[in-house]
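User: I have a structure to study and some questions about it. Can we go through them one by one?

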Amino acid sequence: MPPEVLIRAEGLVKTFNKKNSPPFTAVAGVDFEVRRGEVFGFLGPNGAGKSTTMRMIGCVSPVGGGRLSLFGLDPDTQGPQIRARLGVVPQEDTLDLEMRVRDNLHVYGRYFGLPRAVIRERAERLLEFVQLTDRAEDKVEPLSGGMKRRLTIARALINEPEILILDEPTTGLDPQARHVVWDRLYRLKQQGTTLILTTHYMDEAEQLCDRLVVMDKGRIAAEGSPRDLIERYATRDVLELRFPLGEQEQAVEKLQGLGERLEPLPDRVLVYADDGEAALSEVSTRGLEPVTALVRRSTLEDVFLHLTGRTLVD
Ligand SMILES: Nc1ncnc2c1ncn2[C@@H]1O[C@H](COP(=O)(O)OP(=O)(O)OP(=O)(O)O)[C@@H](O)[C@H]1O
């Protein structure tokens with residue numbers, strides 16, 4: 001049996017009316033399905049419409065047009081029933097900084113109307129899960145960014161949600177803290193929780209997502225697994241060449257026809273070729289002397305560049 005579809009969006013739209021300016025469409029008709037047990041990602045740069053889409057999924061912002069259903073329910077009329085089955089980790093931490101770590105979980109449990117004994121048991125289990133047991137009695141304020149993010153994740157799990165929604169879960173964290181968060185999210189997936197996340201980090205999308213949509217300017221540019229997308233929209237290798245100041249334009253002329261595609265960026269030229277090493281030796285055959293030359297595998301960043309002509313992080 002194919003996995004159950006938990007979220008279905010068809011032609012989903014969100015338009016904001018702003019004073020003294022024309023209406024702005026942040027989400028311009030997107031279609032996607034999220035299946036039980038998968039990690040589904042929205043990858044795109046700032047302003048692509050990811051958070052706006054998440055807010056509609058989280059039933060905190062009304063659907064502006066098209067259709068959206070979660071668990072077969074309608075967010076317009078059945079928001080509370082849906083919210084009871086969701087966990088939400090917003091982009092900005094909204095923890096109570098003056099409160100102790102453990103109390104942040106207890107307050108949330110009471111918000112969901114859970115019995116005290118259940119809250120106590122779950123809070124301890126979740127603190128253990130996010131590795132904050134030894135900080136349970138501390139105030140939230142002095143915790144590191146990574147700890148706060150983990151506590152927000154624990155808080156979002158207090159109602160044992162079927163779907164956990166994470167809006168940019170590791171933005172602003174240092175590399176080590178990001179890896180700890182990724183590890184916990186991976187564990188949740190193994191335990192069967194469906195995860196939806198937004199990110200503008202291609203490494204995060206590649207590490208975590210089973211499937212993702214590439215979003216740009218309110219639209220979906222492509223959909224698939226990270227591997228599918230790379231196979232479909234990029235070559236196996238990329239050769240990155242940097243030339244002395246002012247010499248790139250001339251070099252690009254000499255590079256014409258090399259590999260499948262050339263992508264001149266302000267500070268370097270990308271040569272898309274399945275065999276990067278062979279392309280590199282052709283560079284010197286053509287009499288070019290780059291300052292640096294690097295052969296690497298294609299990533300989702302290359303997919304995004306191909307689809308939109310821009311890099312993910314400006
Ligand atoms: N309440 C609002 N009123 C007016 N415009 C809005 C509102 N919310 C979002 N927008 C606009 O909609 C566009 C999409 O924003 P959104 O936050 O969904 O993008 P995003 O892909 O999540 O990017 P980010 O990574 O910056 O959160 C932006 O241009 C934003 O300014």
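**Questions on a predicted model**

Analyst: Arg310 is found in the segment after α11 (300-308). Keep in mind that this is a predicted model.

User: Is Arg310 buried, partly exposed or exposed?

Analyst: Count the C-beta neighbours inside 10 Å: Arg310 has 12. A residue with 12 or fewer is exposed. Arg310 therefore counts as exposed.

User: How far apart in space are Arg310 and Leu265, C-alpha to C-alpha?

Analyst: In sequence, Arg310 and Leu265 are 45 residues apart. In space, their C-alpha atoms are separated by 9.1 Å.

User: How many helices and strands does the chain have?

Analyst: The chain has 314 residues, and buried ones make up 39% of them. Its C-alpha trace spans about 75 × 50 × 45 Å along the principal axes. As for the elements, the chain has 11 helices and 13 strands.

User: What share of the contacts with a separation of 6 or more comes from residues 24 or more positions apart?

Analyst: Start from the contacts in the chain with a separation of 6 or more. Then take the part from residues 24 or more positions apart. That part is 68%.

User: Which element gives the most residues to the shell around the ligand?

Analyst: Of the 14 residues around the ligand, Phe16, Ala26, Lys50, Ser51 and Thr52 come nearest. Two elements give two or more residues to this shell: β2 (24-35) and α1 (50-57). By class, the shell has four nonpolar, eight polar and two charged residues. With three residues, the element that gives the most is α1.

User: Are α3 and α5 roughly parallel or oblique?

Analyst: Two packed helices are described by the angle between their axes and the distance between the axes. Helix α3 (residues 101-111) and helix α5 (residues 145-156) have axes 9 Å apart, at an angle of about 25°. Angles under 35 degrees count as roughly parallel. So α3 and α5 are roughly parallel.

User: Which residues of α5 meet α3?

Analyst: The crossing of these two helices, α3 and α5, is right-handed. The residues of this contact divide into five nonpolar, one polar and one charged. On the α3 side are Val101, Asn104, Leu105 and Tyr108. On the α5 side are Leu151, Ala154 and Arg155.

User: How many charged residues are in the contact of α3 with α4?

Analyst: From α3 come Arg102, Leu105, His106, Gly109 and Arg110. From α4 come Ile119, Arg122, Ala123, Leu126 and Leu127. Five of the contact residues are nonpolar and two are polar, while the charged ones number three.

User: What is the phi of Asn20 near?

Analyst: Asn20 sits in the loop between β1 (5-16) and β2. Asn20 is exposed because 4 other C-beta atoms lie within 10 Å. Most residues other than glycine have a negative phi. The phi of Asn20 is positive, near 60°.

User: And what is the phi of Glu160 near?

Analyst: The place of Glu160 is in the loop between α5 and β6 (163-167). With 13 other C-beta atoms within 10 Å, Glu160 is partly exposed. Glu160 also has a positive phi, near 45°.

Key:
Residues are numbered from 1 along each chain as its sequence is written. This is a predicted model: local features need pLDDT of at least 70, side-chain atom pairs count only at pLDDT 80 or more; totals for chains, interfaces and linings use all residues. A residue is near a molecule or strand if its C-beta atom, placed from the backbone, lies within 6 Å of it. Helices (H or I, at least four residues) and strands (E, at least two) are DSSP runs, numbered from the N terminus. Ala, Val, Leu, Ile, Met, Phe, Trp, Tyr, Cys and Pro count as nonpolar, Asp, Glu, Lys and Arg as charged, and the others, Gly among them, as polar. Axes are lines fitted to C-alpha atoms, for helices over the stretch in contact, and angles run from 0 to 180 degrees between N-to-C directions. Angles under 35 degrees count as roughly parallel, over 145 as roughly antiparallel, 65 to 115 as roughly perpendicular and the rest as oblique. A crossing is left-handed if the near helix is turned anticlockwise from the far one by less than a right angle, and right-handed if clockwise. Two residues are in contact if their C-beta atoms, placed from the backbone, lie within 7 Å. A residue is buried if 20 or more other C-beta atoms lie within 10 Å of its own, exposed if 12 or fewer, and partly exposed in between; C-beta atoms are placed from the backbone.
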